[in-house]
Structures are given as C-alpha cells and as structure tokens.
Amino acid sequence: MDTNKNLYTIIYSTVLVVLVAVILAMAAYLLKDAQQRNISIETKQLVLRAVHLGEDATQLEADKAGYIEGEYAKYITDTTISEGGESLPLYICRIDSVQKYYIVPLHGAGLWGPIWGYIALKGDINTVYGAVFDHKGETPGLGAEIATPQFQAQFADKQIFDGDNFVSIGVIKGGAEKGNTHQVDAISGGTITSKALESMVKTCVGKYLEFFKSLKEDASQKLLLQSDSSAIASPITDSTAVSATAAEEVTSKK
Amino acid sequence: MDKKIYIDPLFRKNPVTVLVLGICSSLAVTVKVEPALVMALSVTIVTGFANLIMSLLRNTIPNRIRIIVQLVVVAMLVILVDQILKAYSYEVSKQLSVFVGLIITNCIIMGRIEAFALGNKPFPSLIDGLANGAGYGMILVIISVLRELFGSGTIYGFQIIPLSWYAKNGGFYYNNGLMILPPMALILIGLFIWVQRSFDKDLQEK
C-alpha cells in the first residue's frame, strides 16, 4: 500500500489523534478521584501547618494521608461567612476550649504564577499565630523562598491591627524595623514576589474586616457580661497583646 | 537476540555520557535520589513503550508526518505517566513539576525511535528503549547519590553523615553548597565522560 498518498495521510493522522484523545480522556477520568484526594490532602496539610499542627507528617510515610485527614477532622472546622454578597471561606481551629484560631485563606499573583497560603490569627483577632505560603512556579532560591519555614516563621506574633486601624503586615525590602510588629523581612532578590505576598495578605485579610469587627464586638459584650472563659477574645491573649504594644512603644522611644 | 542491544546502552553507547543526550534533565532532577529514581523510571517506561509502539506502526506511518506521529505517541505516554504520578505519587510529581512534561523533549526518546525503532522489529525495539532508559537512569542515580550525599548529607532521605559531625552541632563538617546547584551536576557528568573516554580507546578522537 502506498503510505504517501494525501488521503491516507489525512485518515491516518485523524484516526491516530482520535485514538490518543480517547486513551487520555479515559486516563484522566479514571485517575480523577485519586488526584482530587491528593490535592485536598495538600490543602488540609497547609491549613494545619498554619496552626502548627501535623508538622511531623513527613516522617509518617506510611499513612500520611490518613494522619492529615484525622488531624484535620479533629481540629479544623471550615465555614463560610457572607460579606457584601460575597461568600468567603474561613477555617476555625479549636485546640481546646480556650484556644481558638481563625485561619484565613490567601490567594494572589506572584511573579510567574499564582501564590497562595493561609494565615492563622489568635483569638484576639490581631496577633498572627502562624502563616504558610506556597507557589506554583516562583524562582527557586529567590521568590520560592516564601514556601520555606524560615520565611513563614517571621509572621508569628506579628499584628495586623494598629490600634483600631487595619495595617496588615508589610514585607519590607532591606529588612523590617527591629521590634516593629507590622513588618517582616522581604526576600533578597525576590522583591516582586515579596510585594505580591504583602498585597495578597492585605487584600485577602481585608475582606474579612467587617466580620472580625462583629466578632470583636461580640467578644467585648461577652466580657462585659462576665461570661465564661471560652469567649472569643480570652483575657489571656488580650494581656499579651497589650504587653506587645507596650514593648513596641519602648523601642520606638529609643 | 544480539546481546549488544541491551548491554551497549548501559556502557559503550550510554545515552548520557557517550551520545550526550538528555543532559538538561540530568542536571535538573539529580539533587536528591528520590526524584532522580522516579525520573529514571518514567523515562525508561516512556522510551520502552514509545519504541515498541513506533516499531509496531513503523510500516504504516506516512513518511511525511513521521515526526508528528512520533510526537503524538510520546506526548500521550508522557501525559499518562504524569497523570499516574499525580494520582499515586503526588509529592514526587510536585518536585519533578515541569520536568515530567519535558520528557517529551528528551532527546533520548526521539533519538531511539528514529535510530532504532523505525528499522527494527517490536521486541528488540522494546528492549533497546528500556536499555537506553536504564543507561540514562544509571547515570542519573549515580550523580544524585553523590550530590545528595555531599550536598545534603543524606541518601534517599536517610542521614548518612553523622549529625554530630556538623559544625552547627560542634563538629567540623559543612555540606557542600555547590553540590546542590546544577553546575556541579554538569561537572560530575564531565568527569564521567572523561573517565569513560580514558578507558575506552574507541571513543577517543584521533
């Protein structure tokens, strides 16, 4: 048979492409569940890491997925709040009856692709408990450093409010001022990613401001009513916040 | 079957050190042993099956669209490998990220199809593909063992160099930071080529 005729070539390529398309579609369909599960486990692991849980999961190769699912079910409740007609996801973490953290998901655009993360706020809705970030394809060694524990650890104990004003957390090129509770160091050579991260935190947490305000009002009412210690803003966390601001004033006077 | 088909790709005609194909992925995925092993396995499977399929089709392919047909078949196999990794080995697939997709452009695969599979029967073609994948994988694993051992002090994630040796724990030892960077892989491959050429007189240019 002459394999160089035009008609043969067209039929051959059509059949081949259709066949390949069918095979790939089948594979995608059959593997979808397992892939979705992996993605959901990864999200759950990130949420847990924002509140410093499940961090030893990498050592448990055997049943990592099960462990993550278990921890997540134990500590995290996901809810949505609606604000301005928009429904926003929010994760609430309860370690015990006193400690309660609010985890806000973050999404933004980095230098090469999307960046995302989770930031956990303590019960006073001001102090950051922990933060995690991840990225699709930032430059390794530069922008990709946002995914390292060293960078993320900087966010712990920072504050997003200055008095009653929402100031978010600045990612400062050249290094944060010492003792400033609203700043962290940017990454050398990763300025665009650092700035993107700063604006991501600001816009994403900014969407929850009304909700946080209502939470705080609830909390202060409860305090006035001398209700039980499981109130959202416990006196303990309030006092640490006060001492942190005091420390800040001392350093700024210097 | 000629023994040369499966012995030569490992040593005398090794795709990496003799044919100098597939270098870019050997630099990129050899920082740790685990991704190197998975990459080696993936490439071996893809070269094997690409050779087999192309050899089965070799008498039916219209010559004018030969390369396109090769690309379609190889791309299909690579996407399958990528999907399977995403489903069953998610961490590794994240580490390999774009490099799994780039298996499509790995010169070894197209090279073996053109040079071998289009002119040989299916079974020898399959063996040739697998052997070339293994030859590539062998180099990848050797380099990754060296890089992980001296760059991170571990092999396959297990600590080899005692933690008490490290300077931060009061010892004398520092990991070699250059080992983690791609240039060191290139230097290592260069050393391999040098050693192999100095033993094998046939490879030396007059």
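**Close-up views of a predicted two-chain model**

**View 1. Where chain A meets chain B.** Here 17 residues of chain A are in contact with 17 residues of chain B, contact meaning that C-beta atoms, placed from the backbone, lie within 7 Å. On the side of chain A that touches chain B there are eleven nonpolar residues, six polar and no charged ones. In this grouping Ala, Val, Leu, Ile, Met, Phe, Trp, Tyr, Cys and Pro are nonpolar, Asp, Glu, Lys and Arg are charged, and the others, Gly among them, are polar. This is a predicted model, where local features need pLDDT of at least 70, side-chain atom pairs count only at pLDDT 80 or more, and totals for chains, interfaces and linings use all residues. Residues are numbered from 1 along each chain as its sequence is written, while chains are lettered from A and ligands numbered from 1 in the order in which they are written.

**View 2. An open sheet in chain A.** Five strands line up in the order 1-2-3-4-5 with antiparallel pairing; two strands pair if DSSP finds at least two bridges between them. Strand 1 (76-83) and strand 5 (128-135) of chain A each have a single partner strand, so one side of each edge strand is left without a neighbour in the sheet. Neighbouring strands are turned by 25° against each other on average, direction ignored. Strands (E, at least two residues) and helices (H or I, at least four) are DSSP runs numbered from the N terminus.

**View 3. Strands 2 and 3 side by side.** Strand 2 (residues 86-94) and strand 3 (residues 100-109) of chain A run antiparallel and are joined by four bridges. Look for R94(A), which stands opposite K100(A) in strand 3 of chain A.

**View 4. Helices against the strands.** Helix 1 (residues 6-50) of chain A packs on the sheet, touching strands that include strand 4 (114-121), and makes about 150° with the direction of strand 5 of chain A. Helix 4 (residues 191-206) of chain A lies across strand 3, strand 4 and strand 5, at about 130° to strand 3 of chain A. These angles run from 0 to 180 degrees between N-to-C directions, with axes fitted to C-alpha atoms, for helices over the stretch in contact.

**View 5. A closer look at S87(A).** This residue is found in strand 2 of chain A. S87(A) counts as exposed because it has 8 C-beta neighbours inside 10 Å, where 12 or fewer means exposed and 20 or more means buried. Leaving aside neighbours within four places in sequence, S87(A) is in contact with T80(A) and S82(A).

Note on methods. Contact = placed C-beta atoms within 7 Å.
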